[in-house]
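Here is a friendly walk through one protein model, written for someone new to reading structures. Keep the 3D view open beside you as you read.

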Amino acid sequence: MNLLEISDLHVSYDGIKAVRGIDLSLEEGEIVSLIGANGAGKSTTLKAVCGITPVHSGSILFEGEDIRSIPPHMLVKRGISLVPEGRGLFGRSTVEENLKMGAYSRRDKGIADDLEKIYALFPRLLERRSQAAGTLSGGEQQMVSLGRALMARPRLLFLDEPSMGLAPIMVQKIFEIIRTVASTGMTILLVEQNAKIALSMSQRGYVMESGKITLSDASSALLENPQVKAAYLGQ
Amino acid sequence: MKQRLKWAFFVLALVLLPFITDFALGKTWVRILDFALLYAMLALGLNIVVGFAGLLDLGYIAFFAVGAYLYALLASPHFGFHLPFWLLLPMGAFAAGIFGMLLGAPTLRLRGDYLAIVTLGFGEIIRIFLNNLDAPYNITGGPQGLDLIDPIKIGDFSLNHPLGHAVFNYYFLFLILAAAVAFVSIRLQHSRIGRAWVAIREDEIAAEAMGINTRNVKLLAFAMGASFGGLSGGLFAGFEGFVSPESFNLNESIMILCMVVLGGMGHVRGVIFGAILLSVLPEALRYVGPLEESLFGRVIVDAASLRMLLFGLALILVMLLRPAGLWPSGTRRRELAAHGETARHENTNVYDASR
């Protein structure tokens with residue numbers, strides 16, 4: 001059974017049909033990238049799955065159960081965690097407060113241990129733990145956002161444009177970290193405009209264009225696909 | 001030990017304050033202190049909505065009105081009810097809390113200026129209702145308001161009792177309740193709910209993604225803030241013995257908002273400071289007229305208009321010189337001071353990613 005199974009999903013907001021009937025699935029432990037240009041409907045798809053944007057029609061199954069009517073805060077408890085576009089940090093709160101916010105939906109005793117794990121993963125954040133998150137560099141902020149999402153102990157992680165607004169060298173760094181997270185067996189759906197780096201680390205990829213999925217294949221095949229090369233890889 | 005000694009001195013100072021004030025400035029000023037404490041409670045209530053949850057509310061005075069009218073209606077000859085204050089104050093807080101949710105529910109999706117406009121309208125609706133509910137049945141007494149409201153009585157002892165003079169009695173009652181409100185505020189701020197408020201204030205989508213039920217948490221902010229307003233309203237009615245719609249106009253809402261912003265949004269001590277300062281300052285500026293006369297031999301600028309002018313000037317100066325408020329919380333100060341450092345961190349990071 002697929003962990004996430006989206007079929008014939010339609011989403012509109014403000015009168016715009018942003019997503020027009022897409023099918024997408026993720027198996028447990030898989031890293032899948034969803035690439036496409038600005039405004040293709042990638043982020044809207046993520047928001048719809050997370051319950052933030054209402055779905056017009058279609059079905060979203062998580063572990064075989066329809067989650068369309070479940071409010072976003074309950075989905076977090078079920079194990080869906082989102083690293084929002086633009087990072088969505090609580091800028092006035094400290095790094096540590098941000099990370100702890102990530103565990104808001106949990107009530108178990110493992111939170112302190114998990115915080116140590118996040119600091120081990122991002123030693124940089126340990127140095128900055130009591131600094132306001134809004135004052136960090138873009139790359140550090142992305143680390144906080146990623147760490148915060150992991151604090152919820154997700155089973156499915158959505159990353160919305162993790163490379164956005166980062167210097168090229170920082171993009172490399174962030175993707176190294178995503179690779180580390182993935183190596184723990186995490187299931188990840190990666191939404192990216194930077195097709196090259198996204199495809200280089202995922203197993204499969206979907207290409208989205210004006211609300212529809214136009215291509216779907218193994219990432220290695222997509223990297224060689226002449227259409228993808230011309231449109232997204234600049235070759 | 002040193003901390004305890006400090007606290008003991010602080011409490012002693014607060015206890016002695018009305019007597020010293022009376023000795024130096026007279027009973028009028030003790031009354032001003034009473035109002036300052038009342039405003040402190042109101043400002044702390046609004047601080048929950050505006051400071052903690054980041055929801056701009058321009059009609060906050062409506063909740064004060066709900067508490068005040070509830071007390072007035074159930075403890076005056078108007079309907080002939082004379083319920084005791086210990087029942088009326090919680091009832092007022094509860095009723096105002098319900099009104100808070102009533103305002104919160106339809107405005108959940110609004111933010112910033114849009115929310116401000118709706119809350120402003122809500123405040124006016126309540127006031128206009130109070131003004132007009134004297135016909136066909138006289139419920140609120142209309143523009144004349146309600147008077148002969150029972151004073152607050154503890155056991156058989158009315159706080160209006162000449163013994164020790166009413167302003168002193170109310171001072172101590174207000175002091176205790178203001179301290180309780182401040183204590184609850186601080187506990188709320190550091191609770192799970194308090195953290196959820198911070199999260200929705202800073203980024204609502206991210207807060208949702210953290211698993212926060214943003215709807216309930218916002219409604220709770222409205223209800224908690226409103227119930228503090230309702231509590232102060234009841235105290236106001238008992239203290240004044242008279243309520244009328246004109247005490248609950250937009251100016252009052254804005255004044256309380258000024259106290260919160262000026263003192264330091266989200267910082268309990270700052271907000272109390274702002275409330276006391278803004279209730280004392282306009283009174284202190286009443287001395288401008290006599291001062292002019294003694295300096296120039298006659299009144300050059302009308303004292304009343306000069307007073308408001310100086311008050312406005314003071315507000316503008318504070319916002320220019322201390323944009324985070326007079327006594328901001330550490331978080332806000334951190335944010336405003338960090339610009340130079342941020343730039344430095346940014347540079348070291350971007351150019352040295354190997355670290």
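In chain A, A:Ile80 stands opposite A:Leu156 in strand 7. The chain crosses from strand 7 of chain A through helix 7 (residues 168-183) of chain A to strand 8 of chain A, in a β-α-β crossover that is right-handed. Right-handed here means that, with the strands pointing away from the viewer, the path from the first strand over the helix to the second runs clockwise. Helices (H or I, at least four residues) and strands (E, at least two) are DSSP runs, numbered from the N terminus.

This is a predicted model, in which local features need pLDDT of at least 70 and side-chain atom pairs count only at pLDDT 80 or more, while totals for chains, interfaces and linings use all residues. Residues are numbered from 1 along each chain as its sequence is written, and chains are lettered from A and ligands numbered from 1 in the order in which they are written.

**Strand 7 and its partners**

Strand 7 of chain A has a parallel partner in strand 6 (residues 80-83) of chain A, joined to it by four bridges. It also pairs in the parallel sense with strand 8 (residues 187-192) of chain A, over five bridges; two strands pair if DSSP finds at least two bridges between them.

Is strand 7 of chain A enclosed or left open? Five of its five residues (156-160) are buried, so the strand is largely enclosed by the rest of the structure. A residue is buried if 20 or more other C-beta atoms lie within 10 Å of its own, exposed if 12 or fewer, and partly exposed in between, with C-beta atoms placed from the backbone. A:Leu156, A:Phe158 and A:Asp160 point one way from the strand, and A:Leu157 and A:Leu159 the other way.

**A second sheet**

Chain A also has an open, antiparallel sheet of four strands in the order 2-1-4-5. Strand 2 (16-26) and strand 5 (65-66) of chain A stand at the edges with a single partner strand each, so one side of each is left without a neighbour in the sheet. Strand 1 (residues 4-13) and strand 2 of chain A share eight bridges, and A:Ser12 has A:Lys17 as its bridge partner in strand 2 of chain A.

**Two helices in chain B**

Which way do helix 2 (residues 27-52) and helix 10 (residues 250-263) of chain B cross? Their axes come within 9 Å and cross at roughly 75 degrees, which makes helix 2 of chain B roughly perpendicular to helix 10 of chain B. Axes are lines fitted to C-alpha atoms, for helices over the stretch in contact, and angles run from 0 to 180 degrees between N-to-C directions. Angles under 35 degrees count as roughly parallel, over 145 as roughly antiparallel, 65 to 115 as roughly perpendicular and the rest as oblique.

| Residue | Burial | Other C-beta atoms within 10 Å |
|---|---|---|
| A:Val49 | buried | 26 other C-beta atoms within 10 Å |
| A:Arg87 | buried | 24 other C-beta atoms within 10 Å |

Most residues other than glycine have a negative phi. A:Arg87, though not a glycine, has a positive phi of about 75 degrees, and phi of B:Leu148 is near 60 degrees.
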